[in-house]
Structures are given as C-alpha cells and as structure tokens.
Amino acid sequence: MKYSDERREAILKKLLPPHNRTVAEVAQEESISAATLYTWRKKARQAGRLLPDHGDDPEGWTSQDKFHAVLETAALSEAERAEYCRQRGLYPEQIQRWRASCEGANDRSDAASKQQSEARKAERQENKELKRELRRKEAALVETAALLALRKKARAIWGDEDE
C-alpha cells in the first residue's frame with residue numbers, strides 16, 4: 001500500500017518527543033506493519049533526520065542520534081537551542097555533554113592508535129628477537145647433528161673402542 005508523504009511524516013512524528021511512542025505502539029495504532037515503520041525511520045535517518053531508537057530516555061539514544069542532535073544544534077542560538085531541547089524532551093546540558101564527548105572522540109582515538117602502534121612495535125621487536133634465537137638454536141642443532149653423524153662414522157671406521 002502506498003502512503004502519502006504527509007501521512008508518513010505524521011506517523012514518524014509520533015516516534016519523536018514529546019510523544020516518544022514506540023514503533024510497536026504506532027504500528028498497532030495505525031495498522032501498519034512494524035517493518036514498514038522501521039524502513040521509514042531508517043530512510044529518514046539516512047536523510048539526516050533525528051529519529052532515536054529509544055523512547056523516553058535521551059541518554060539511551062545511539063551515539064549516531066546524539067551526534068545528529070549535536071550537529072542540528074551547533075549553529076543555533078541559546079534560545080533556539082532551548083526551544084529545540086523542549087521539543088525533543090532534552091536538556092541543554094545533555095547537548096553540551098554530548099558535544100564535549102564528540103569533540104574529545106578524536107583525542108581518544110589518537111591516543112588509542114598511538115598505544116596500538118607502540119604495542120605493535122614492541123611485538124615486532126619481540127618477534128625479531130625470537131626469530132634470531134630460533135635461527136641460533138637451529139644452527140646449534142644442525143651442528144650437533146653433524147657432530148653425532150661424524151662420531152658414528154668414526155666409530156664405524158675405527159671400530160668401537162668403548163665397548
């Protein structure tokens with residue numbers, strides 16, 4: 001069944017604050033399959049709209065939803081941001097905290113990548129040392145095998161004097 005864009009938007013608005021309805025509730029109320037609503041929500045998200053997964057608690061939103069909220073409020077004045085927050089059931093402090101988290105994300109990833117790089121360097125060094133030790137032990141083993149073979153040949157040629 002084909003739905004008009006206006007109807008689709010009206011249904012998607014029920015998923016947003018202040019209603020904060022679940023997909024299952026809206027699907028039952030509107031007699032539309034939940035799969036259809038999930039598809040509409042996914043397409044709206046891909047278009048850049050903020051449609052969180054969880055209803056009441058904005059702290060339960062995905063990091064992607066929080067990031068979109070930060071982007072949407074980045075250029076707003078304080079009054080506009082407050083209005084935005086009221087419409088979506090948020091607090092301005094949450095947006096500020098999410099923004100700080102987004103800004104610090106690269107620092108954390110840089111530190112983590114530096115730590116991983118150092119760990120890889122240490123592993124390469126250890127691997128190099130282990131290979132060197134293995135070559136030394138293999139050479140010693142080859143030498144020992146050669147000496148045992150020579151000893152056996154010498155006994156065969158001159159006879160076994162120890163026995």
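I'll start with a helix pair: α4 and α5 cross in a right-handed sense. This is a predicted model. The axes of α4, residues 63-73, and α5, residues 78-88, come within 10 Å and cross at roughly 145°. On the α4 side the contact is made by A69, E72 and T73, and on the α5 side by R81, Y84 and R88. By class, that is two nonpolar residues, one polar and three charged.

Now the chain as a whole. It has six helices and zero strands. Of its 163 residues, 23% count as buried. The accessible surface is about 12,300 Å², and carbon and sulfur atoms account for 52% of that. Taking contacts between residues at least 6 apart in sequence, 41% join residues at least 24 apart.

Next, salt bridges. The count comes to seven. Which residues form a network? R7, K14, E29 and E30 are linked in one. Within this group, R7 and E30 meet at 2.7 Å, N to O. R7 lies in helix α1, residues 5-13, and E30 in helix α2, residues 23-30, so this pair ties together parts 23 residues apart in sequence. R7 is partly exposed at 35% relative accessibility, whereas E30 is buried at 15%. E30 also pairs with K14, at 2.3 Å, N to O. K14 sits in the loop between α1 and α2, 16 residues from E30, and both K14 and E30 are buried.

K137 and E133 form a salt bridge at 3.0 Å, N to O. Both lie in α6, residues 92-158, four residues apart, or about one turn. K137 is partly exposed at 45%, and E133 is partly exposed at 36%.

Definitions and conventions:
Residues are numbered from 1 along each chain as its sequence is written. This is a predicted model: local features need pLDDT of at least 70, side-chain atom pairs count only at pLDDT 80 or more; totals for chains, interfaces and linings use all residues. Side-chain values use heavy atoms; hydrogens and water are left out. Helices (H or I, at least four residues) and strands (E, at least two) are DSSP runs, numbered from the N terminus. Buried means under 20% relative accessible area, exposed over 50%, partly exposed in between (1.4 Å probe, protein chains only). Contact means heavy atoms within 4.5 Å. Accessible areas come from the Shrake-Rupley method with a 1.4 Å probe; for residues, only the protein chains shown count as cover. Axes are lines fitted to C-alpha atoms, for helices over the stretch in contact, and angles run from 0 to 180 degrees between N-to-C directions. A crossing is left-handed if the near helix is turned anticlockwise from the far one by less than a right angle, and right-handed if clockwise. Ala, Val, Leu, Ile, Met, Phe, Trp, Tyr, Cys and Pro count as nonpolar, Asp, Glu, Lys and Arg as charged, and the others, Gly among them, as polar. A salt bridge is a side-chain nitrogen of Lys or Arg within 4 Å of a carboxyl oxygen of Asp or Glu.
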